[in-house]
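Please read it with the structure open beside the text.

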Amino acid sequence: MNDKILSHTILGICIESYSAHPDSQLGIDSFMSPLLLSYDILKYFPPTRLFCGNKDPLYDQVFRLASRLQVVQRDVKITIYENLSHGYLNFNTIKGMSEIKQCILDSQDAFQELLN
């Protein structure tokens, strides 16, 4: 709720932009969230790597998704970055946050792992 990049208001705008009927679809449409996918579908997920800042308003959903993937015995790993908010990769600018470079390296390592 306190994310400076992805506030509750912005999340609402995103949901409204993504769905023609956000109020009626939010809790039932799996295209709105992978958390709504059935286990029958989740069991076909590829190996999954989830990266999130601990200040991201979607932080809890990362753990919920990972938990659901574990139920169907999928390969899932989570990497959490301290004090980073949603969209942290966008902070990799000339005067941006130096710790983002590590996030990028971690992402590269994850892709390399999945490709091998």
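1. The model is a predicted one. D40 counts as exposed, because its relative accessibility is 53% and the cut-off is over 50%. D40 forms a salt bridge with K43, and the closest N and O atoms of the pair are 4.0 Å apart. K43 has a relative accessible area of 38% and is therefore partly exposed. In total, the structure holds four salt bridges.

2. R49 forms a salt bridge with E113, with 2.9 Å between the closest N and O atoms. This pair links distant parts of the chain, since R49 sits in strand 1 and E113 in helix 5 (residues 100–115), 64 residues apart. R49 is buried, at a relative accessible area of 13%, while E113 counts as partly exposed at 35% relative accessibility. As background, side chains of opposite charge can pair when their charged atoms come close.

3. E113 also meets the side chain of K77 in a salt bridge, at 2.8 Å from N to O. K77 lies in strand 2 and E113 in helix 5, so this pair ties together parts that are 36 residues apart in sequence. K77 is partly exposed, with a relative accessible area of 41%. Salt bridges that share partners join R49, D75, K77 and E113 into one network.

4. How do strand 1 and strand 2 pair, and over how many bridges? Strand 1 covers residues 48–53 and strand 2 covers residues 76–81; the two pair in the parallel sense over six bridges. Between the strands the chain passes through helix 4 (residues 59–71), and this β-α-β crossover is right-handed. Within the pairing, L50 has I78 of strand 2 as its bridge partner, and G53 stands opposite Y81 in strand 2.

5. Is strand 1 largely enclosed or open? Five of its six residues are buried, so strand 1 is largely enclosed by the rest of the structure. R49, discussed above for its salt bridge with E113, is buried and lies in strand 1. For reading the side chains along a strand, recall that in a regular strand they alternate between the two faces of the sheet.

6. Helix 4 has 13 residues. From its first C-alpha to its last, helix 4 reaches 19 Å, close to the 18 Å expected at 1.5 Å a residue.

7. Which residues of helix 4 are buried? They are V62, L65, A66, R68 and L69. These residues cover an arc of only 160° around the axis, which puts them on the same side of helix 4.

8. The face of helix 4 turned away from its buried side carries the exposed residues Q70 and V71.

9. Helix 4 is followed by Q73, whose phi is positive, near 60°; Q73 is a residue other than glycine. Q73 is found in the loop between helix 4 and strand 2. With a relative accessible area of 70%, Q73 is exposed.

10. N83 likewise is not a glycine, although its phi is positive at about 60°. N83 lies in the loop between strand 2 and helix 5. Its relative accessible area is 55%, so N83 is exposed.

Terms used: Residues are numbered from 1 along each chain as its sequence is written. This is a predicted model: local features need pLDDT of at least 70, side-chain atom pairs count only at pLDDT 80 or more; totals for chains, interfaces and linings use all residues. Side-chain values use heavy atoms; hydrogens and water are left out. Two strands pair if DSSP finds at least two bridges between them. Helices (H or I, at least four residues) and strands (E, at least two) are DSSP runs, numbered from the N terminus. A crossover is right-handed if, with the strands pointing away from the viewer, the path from the first strand over the helix to the second runs clockwise. Buried means under 20% relative accessible area, exposed over 50%, partly exposed in between (1.4 Å probe, protein chains only). The expected span of a helix is 1.5 Å times one less than its number of residues. The arc is that of the directions from the helix axis to the C-beta atoms.
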